[in-house]
Amino acid sequence: MMKPIKSLGAAVVALAAPALFTLPAAADTRSVAKIETLLGSDTTLTLAIGSGYDDYHRGGGYRRGLNQYGQTDWEVRELSRDAVQACRQAVRYEARQLGYRDVEIDDDLYVRQIGPRGFFVTLDEVEFEGRRRDVETRVSCEIRRGSVVSVEGIPYPYKSKGYSRGW
């Protein structure tokens, strides 16, 4: 003769024991395992475990709060700010080497990350001031590991075919 179970807690533990052993094994398959047990006419016990939602919606290599290169948003902001500063400095240096007197760089820019420490920076409005005229153009830089690899878009200064001093 079996004793009747008098408390609901004991019934829940008795019915949940097989589920507690099978759910961790099912969780290794990267799917959601769900077991439902009917306790009464309007009472059910449901146990669900798994990680199928995150894998389905975000892809396999996604970790919460990190980008595809394993960096947080704060790290990306710092690296992109350093890349923009390096690009502005390189544009000013190249312009001085070509003979421009002054360079004015507006705040209109676009930064795209192309690697863990690589960025592609586009400065939309850069004004180069020479002796005779001003030139406004778009300049782009490629930055790898904190140093500028290439600068494109700096116009060559206007040279006239007129009078030559002969030096």
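This is a predicted model: local features need pLDDT of at least 70, side-chain atom pairs count only at pLDDT 80 or more; totals for chains, interfaces and linings use all residues.
Tutor: Residues are numbered from 1 along each chain as its sequence is written, and side-chain values use heavy atoms, with hydrogens and water left out.

Student: What makes up the secondary structure of the chain?

Tutor: The chain has three helices and seven strands. Helices (H or I, at least four residues) and strands (E, at least two) are DSSP runs, numbered from the N terminus. In that direction the elements run α-β-β-α-α-β-β-β-β-β.

Student: Why are C87 and C141 called a disulfide?

Tutor: A disulfide is a pair of cysteine sulfur atoms within 2.5 Å. The sulfur atoms of C87 and C141 are 2.1 Å apart, and the count by this rule comes to one disulfide. The pair links distant parts of the chain, with C87 in helix α3 (residues 73-98) and C141 in strand β6 (residues 134-144), 54 residues apart.

Student: How do you know whether C87 is buried or exposed?

Tutor: Buried means under 20% relative accessible area, exposed over 50%, and partly exposed in between (1.4 Å probe, protein chains only). C87 has 0% relative accessibility and therefore counts as buried. C141, at 0% relative accessibility, likewise counts as buried.

Student: What is the span of α3 set against the expected value?

Tutor: The expected span of a helix is 1.5 Å times one less than its number of residues. Helix α3 has 26 residues and reaches 37 Å from its first C-alpha to its last, close to the 38 Å expected. After α3 comes G99, whose phi is positive, near 110°.

Student: Which residues of α3 are buried, and what covers them?

Tutor: The buried residues of α3 are V76, S80, A83, V84, A86, C87, R88, A90, V91 and A95. Their cover includes β3 (102-105), β4 (109-113), β5 (118-129), β6 and β7 (147-152).

Student: What makes a set of residues a nonpolar core, and which members touch the most others in the largest one?

Tutor: A nonpolar core is a set of buried Ala, Val, Leu, Ile, Met, Phe, Trp, Tyr and Cys residues joined through side-chain atoms within 4.5 Å. Of the 17 residues in the largest nonpolar core, C87, V91, V103, V121, L123, V126 and F128 touch the most other members. The elements that give two or more residues to this core are α3, β3, β5 and β6. In soluble globular proteins, nonpolar side chains tend to be buried together.

Student: Why are Y100 and F128 called an aromatic pair?

Tutor: Rings of Phe, Tyr and Trp (its six-membered ring) pair if their centres lie within 6.5 Å; planes under 30 degrees apart count as stacked, over 60 as edge-to-face and the rest as tilted. The structure holds one aromatic pair. Y100 and F128 are 5.2 Å centre to centre with 40° between the planes, and the pair is tilted. Y100 lies in the loop between α3 and β3 and F128 in strand β5, so the pair ties together parts that are 28 residues apart in sequence.

Student: How do you know whether Y100 and F128 are buried or exposed?

Tutor: Y100 has 6% relative accessibility and so counts as buried. F128 has a relative accessible area of 0% and is therefore buried. Leaving aside neighbours within four places in sequence, the contacts of F128 include V91, A95, V103 and I154.

Note on methods. Contact means heavy atoms within 4.5 Å.
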